[in-house]
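Work through the exercises below with the sequence and the 3D structure open. Try each task before reading its solution.

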Amino acid sequence: MSNTMTTKSGKPRATVAASDPKIPNLTAEQLEEFGDELDAIRQRILADLGEEDAAYIRKIVKRQQQFEIAGRALFYLPPAWPLAVAALSVSKILENMEIGHNVMHGQYDWMGDPKLNSRIYDWDTMAPGENWKYGHNYIHHTYTNILGKDRDIGYGILRMDEDQKWRPYYLGNPLYAVLLMLFFEEGVALHDLEVEKIKTGERSWAETKKVGRPIIRKVSKQVLKDYLLFPALTGPFFLSTLAGNAVANIVRNIWAFNIIFCGHFPAGVATFTEEECENETRGHWYYRQLLGSANITGGKLFHILSGNLSHQIEHHLYPDIPARRYPEAAVEVKALCEKYGIEYNTGRLSKQLFTVARKICRLALPTRAKSAPEPEAAEYVEAA
């Protein structure tokens, strides 16, 4: 008999119905064994890190710099404007996804290179590195997909789960999603203000000002660089360079939004309650990370441009392991999922993106009342 509790469609459930005790698909012993096997994958990769990994990230940094120099230089040749925007867009995507995000996760701290150290590096976006590392590295990766704890569920703007209480405000879900996609850089920066806490009185204005100061400084720096300094350097081509920088930022924003949302919110991704995760073991933490994530299939270049967040499952399991190692880890993780009867959510970008868009539109409307637990779930609880 399978260890997995399934629905009528044959897909594994993350938990039983909300009215029943929160029981994982695996027993406590199986969860512990599952966690041990995932730990073993982690330790094997960490022990194997070396010059090849260091050479890889240095090569990516070099390529990113070359694309940026090419893009900046081509703005001096107006007919080459589309090429300038394309080169600068690639540069910003590489810096944001494969370099900034991964370096600030501490994936390359072991190298001892101050230019690639998570405590020093600050990426080329409006979100201050220190704010982001607290909100993302700590809050998001600790409480991944726990409703009420993980602020990245909807970014405080969107309704991305049926258990988020519906309000008329959410009728604008599709519009908010498009705006967040276009201005994702700004959205991530403002996310750390935790506006919802200001509204409820949980955070004072004095505390908000303390959080807001580094945001103002970083936003000012980015605006000065992209929309004044570099355009001014091109003299008579100021306006076309300014427009090119703006377009490159938007291209990067759209790309980052789509990769991140397809890794967190497509069909089949589970959310959890705080009660389900009380006294959580290492095995259950892994279990939650796996069920709360999804991968995107693609070629080598696609994975590089996504910062290997196309392997979001492996990133949530091993956030501080160099992302270039996720494809090899994925082979073993997928085998473990098959062994323990756990769904491994993966698919093409078009497929994952379609289900994300459908969810955004569907959750703009009130959720219909939930039906009674399915027979399979009831039988599982009874057997337990």
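This is a predicted model: local features need pLDDT of at least 70, side-chain atom pairs count only at pLDDT 80 or more; totals for chains, interfaces and linings use all residues.

Residues are numbered from 1 along each chain as its sequence is written, and side-chain values use heavy atoms, with hydrogens and water left out.

**Exercise 1.** Which residues of helix 1 are buried, and how are they placed around the axis?

Solution. Buried means under 20% relative accessible area, exposed over 50%, and partly exposed in between (1.4 Å probe, protein chains only). In helix 1, the buried residues are Gln30, Leu31, Phe34, Gly35, Leu38, Ile41, Arg42 and Ile45. They cover an arc of only 135 degrees around the axis, so they sit on the same side of helix 1. The arc is taken from the directions from the helix axis to the C-beta atoms. Next, look at the face turned away from this buried side: it carries the exposed residues Ala28, Glu29, Glu32 and Ala47. Finally, the buried residues of helix 1 pack against helix 10 (282-291), helix 12 (312-317) and helix 13 (326-340); contact means heavy atoms within 4.5 Å.

**Exercise 2.** Find where the partners of the salt bridge between Arg58 and Asp113 lie, and state how accessible each one is.

Solution. A salt bridge is a side-chain nitrogen of Lys or Arg within 4 Å of a carboxyl oxygen of Asp or Glu. The N to O distance for Arg58 and Asp113 is 3.7 Å. Arg58 belongs to helix 2 (residues 51-74) and Asp113 to the loop between helix 3 (81-103) and helix 4 (129-142), 55 residues apart. Arg58 is partly exposed at 40% relative accessibility, while Asp113 is buried at 17%.

**Exercise 3.** What does the salt bridge between Arg252 and Glu185 tie together?

Solution. The two side chains meet at 2.9 Å, N to O. Arg252 lies in helix 9 (residues 238-264) and Glu185 in helix 6 (residues 184-191), so the pair ties together parts 67 residues apart in sequence. Arg252 is buried, with a relative accessible area of 2%, and Glu185 is buried at 6%.

**Exercise 4.** Is Thr125 buried or exposed, and which residues is it in contact with?

Solution. Thr125 lies in the loop between helix 3 and helix 4. At 4% relative accessibility, Thr125 is buried. Leaving aside neighbours within four places in sequence, its contacts are Asn96, Glu185, Lys218, Gln222 and Arg252. Two of these names, Glu185 and Arg252, are the salt-bridge partners of Exercise 4.

**Exercise 5.** Which residues make the nonpolar surface patch of about 580 Å²?

Solution. The patch is made by Tyr76, Leu77, Leu224, Leu228, Leu229 and Leu233. Patches use residues with over 30% relative accessible area and no salt bridge; like charges are joined within 9 Å, and nonpolar side chains (Val, Leu, Ile, Met, Phe, Trp, Tyr) within 5 Å. Areas come from the Shrake-Rupley method with a 1.4 Å probe, and for residues only the protein chains shown count as cover. Leu228 is placed in helix 8 (residues 205-233) and is partly exposed at 44%.

Terms used:
Helices (H or I, at least four residues) and strands (E, at least two) are DSSP runs, numbered from the N terminus.
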